[in-house]
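Student: Could you walk me through this one? I'd like to go question by question.

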There are 2 protein chains.
Amino acid sequence: MITFEEALSLITQKTGDIRFPKQPARLYAPIAYLLALKGKKLRPALTLLACSLYKDDVRVSINMALAWEIFHNFTLMHDDVMDKADLRRGEPAVHKKWNENTAILSGDAMLIMAYKYLAKYPISCLKELLDLFSTTATEICEGQEYDMQFENRLDIREEEYLNMIRLKTAVLLGACLKSGAVLGGAEAKDQDLLYDFGINLGIAFQIQDDILDVYGDAAVFGKKIGGDILCNKKTYLLVSALNSNNEEARAELLSWLQVNDQPEQKIEAVTKLYNRQLLREKARNQMDSYYKKAIRSLNEVDVASEKKTVLMEIAKELMNRKT
Amino acid sequence: MITFEEALSLITQKTGDIRFPKQPARLYAPIAYLLALKGKKLRPALTLLACSLYKDDVRVSINMALAWEIFHNFTLMHDDVMDKADLRRGEPAVHKKWNENTAILSGDAMLIMAYKYLAKYPISCLKELLDLFSTTATEICEGQEYDMQFENRLDIREEEYLNMIRLKTAVLLGACLKSGAVLGGAEAKDQDLLYDFGINLGIAFQIQDDILDVYGDAAVFGKKIGGDILCNKKTYLLVSALNSNNEEARAELLSWLQVNDQPEQKIEAVTKLYNRQLLREKARNQMDSYYKKAIRSLNEVDVASEKKTVLMEIAKELMNRKT
């Protein structure tokens, strides 16, 4: 058994140990740069922790964890280009520090690099891990595609939104956990339960993100409150509000979506609209329901419950986070 | 044994048989679009033909050939964004028909898709193919990086240029052939000889490309003659001219590189500079020397020489092509 802190420090150490070819410098420097930025490292930690449920020595799962971490950072490098996001973890995004071509090409090299870590596994589990990895990676592309589509749509159904965040965010948590279980030697049933734990936790996590953007504590949130409102980002709250039967509220909301020059007023007005329709409560309930589903799956996992405390605590903390 | 035409028609059929998920349409439609454009399909054909040297039934190599074809088209989709190339095979490039974000994301999905075709192979050869594929893919990214770097450099040494085209173009031909040999059951020595055949043929092919851009027959070339000259593309000819010891010629060349508003005069003047320094002859000699190396490797491959006729003919045709 390892703790969350031990998992994180192992990942940090192993990520730092990665050596890149010296040339061409401009292909590899952006990869080293992005991997060295202080990220959550939640995903690779989940792989180690899932493995740790079944094996005392988690070293077997390190290359898998690195493959996920490299893959996740590849998606960030390309998403930041697509979303025109200038900052990543408080530092210039790769396409700003270098340029877009560099972000595209280094991202491509990073995706291939993730497969190289995967390919280090022996043939006994290689095929299974490869299938899980490619399926998950494809789903994440699909999620990003839906997310971009939603920018131009006002008729998104709640199920569509939930499906998008499942693809874009949740399947990765599920797959990180499942792969760790596979490498730990878990039975298929446990692998699937841990996958479901990750999926539901991931969806709850994203709804929480949507709530924090509007209702977070400005003092600790780290980002400006209302950022999603300002850019009309389709969040759980906005999608719910757009699906409201209250025609008057809907019309008011639609008119605020056109406003670009009154940031404070827009945030205040849209927040009030959410408040009046009790959307914060609705989102919290939805989040809680996914969180509970996650916990039910974790409870069913066939290992001693004290072993599951670490994952239980991580789930709890994610739901109580302020940032 | 299969013929080149049979290989091409098998690839065309199998590429046409690929079924994509219906949704999200905008992720998959660009992939289907690019794969359906009339391309040379030389690379996947080489895989089938190399396999065919050792096995009468080449069906075992089809998924590998498709993986290469999908991978190659992924590089085209991303390269066209990076190079701001508006046309691909005479049709709008994906980033023009849709937009850059679509080309980035569908390209990513395509790279993952190539790995999915690879993952269909049984574990007995999966690891070997995976390593070859990822190594080659990484080298191609390195080649593209050098090619982009060269845009801003005037001090490229000839070896650097040859290394760039080896990475960007030649390793793919080598790897396509080698993977076909692996799947055909060839000995390691033959695998390596076919790889070398591909590498040297690929370098000769690219030098030929550089020559055709300046000295091709406008009536059959398909593109405007002198396109590389107009955009100061670092070709074998330009790199050679920039390395000239003739200071006067070099100064004249450098001044033409600054000219953007006299296309006809620029093409004429630069071509004359090349002519005076006999660079067409130099390039042809260099090309012939790589071609001969390629043929020597093919001759050494340990199968009956009549079996090698197809590859020999392809090599010969590539060297005598007009487009």
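**Loops, core and contacts**

Tutor: Let's start with Lys84(A), which counts as exposed, with 11 C-beta neighbours inside 10 Å. The cut-offs are these: with C-beta atoms placed from the backbone, a residue is buried if 20 or more other C-beta atoms lie within 10 Å of its own, exposed if 12 or fewer, and partly exposed in between. Keep in mind that this is a predicted model, where local features need pLDDT of at least 70 and side-chain atom pairs count only at pLDDT 80 or more, while totals for chains, interfaces and linings use all residues. Residues are numbered from 1 along each chain as its sequence is written, and chains are lettered from A and ligands numbered from 1 in the order in which they are written.

Student: Where is Lys84(A) found, and what is its phi near?

Tutor: Helices (H or I, at least four residues) and strands (E, at least two) are DSSP runs, numbered from the N terminus. On that numbering, Lys84(A) sits in the loop between α4 and β1 (87-88) of chain A. Its phi is positive, in a residue other than glycine, and is near 50°.

Student: Which kind of peptide bond joins Gln23(A) and Pro24(A)?

Tutor: Pro24(A) lies in the loop between α1 (4-17) and α2 of chain A. In chain B, Pro24(B) is in the loop between α1 (4-17) and α2 (25-36), and a cis peptide bond with omega about -10° joins Gln23(B) and Pro24(B). For Gln23(A) and Pro24(A), omega is about -10°, and the bond is cis.

Student: Which helix gives the most to the side of chain A that touches chain B?

Tutor: Contact here is C-beta atoms, placed from the backbone, within 7 Å, and 31 residues of chain A are in contact with 31 residues of chain B. On the chain A side, α2 (25-36), α4 (62-82), α6 (100-118) and α7 (123-150) each supply at least two residues. The one that gives the most, with 15 residues, is α7(A).

Student: Which residues does Leu118(B) touch, leaving out those up to four places away in sequence?

Tutor: A nonpolar core is a set of buried Ala, Val, Leu, Ile, Met, Phe, Trp, Tyr and Cys residues joined through C-beta atoms within 7 Å. The largest has 204 residues, and Leu118(B) is among those touching the most other members. Leaving out those sequence neighbours, Leu118(B) touches Ala67(B), Leu129(B), Leu130(B) and Phe133(B).

Student: At what angle do the axes of α9(B) and α16(B) cross?

Tutor: Axes are lines fitted to C-alpha atoms, for helices over the stretch in contact, with angles from 0 to 180 degrees between N-to-C directions. The contact is made by Leu201(B), Ala204(B), Phe205(B) and Gln208(B) of α9(B) and Ala315(B), Leu318(B) and Met319(B) of α16(B). The axes of α9 (residues 188-215) and α16 (residues 309-320) of chain B come within 9 Å and cross at roughly 20°.

Student: What separation do the C-alpha atoms of Gly227(B) and Asp213(B) have?

Tutor: Gly227(B) has its place in helix α11 (residues 227-230) of chain B, and counts as partly exposed because it has 14 C-beta neighbours inside 10 Å. Gly227(B) and Asp213(B) are 14 residues apart along the chain, and their C-alpha atoms are separated by 6.6 Å.

Definitions and conventions: Two residues are in contact if their C-beta atoms, placed from the backbone, lie within 7 Å.
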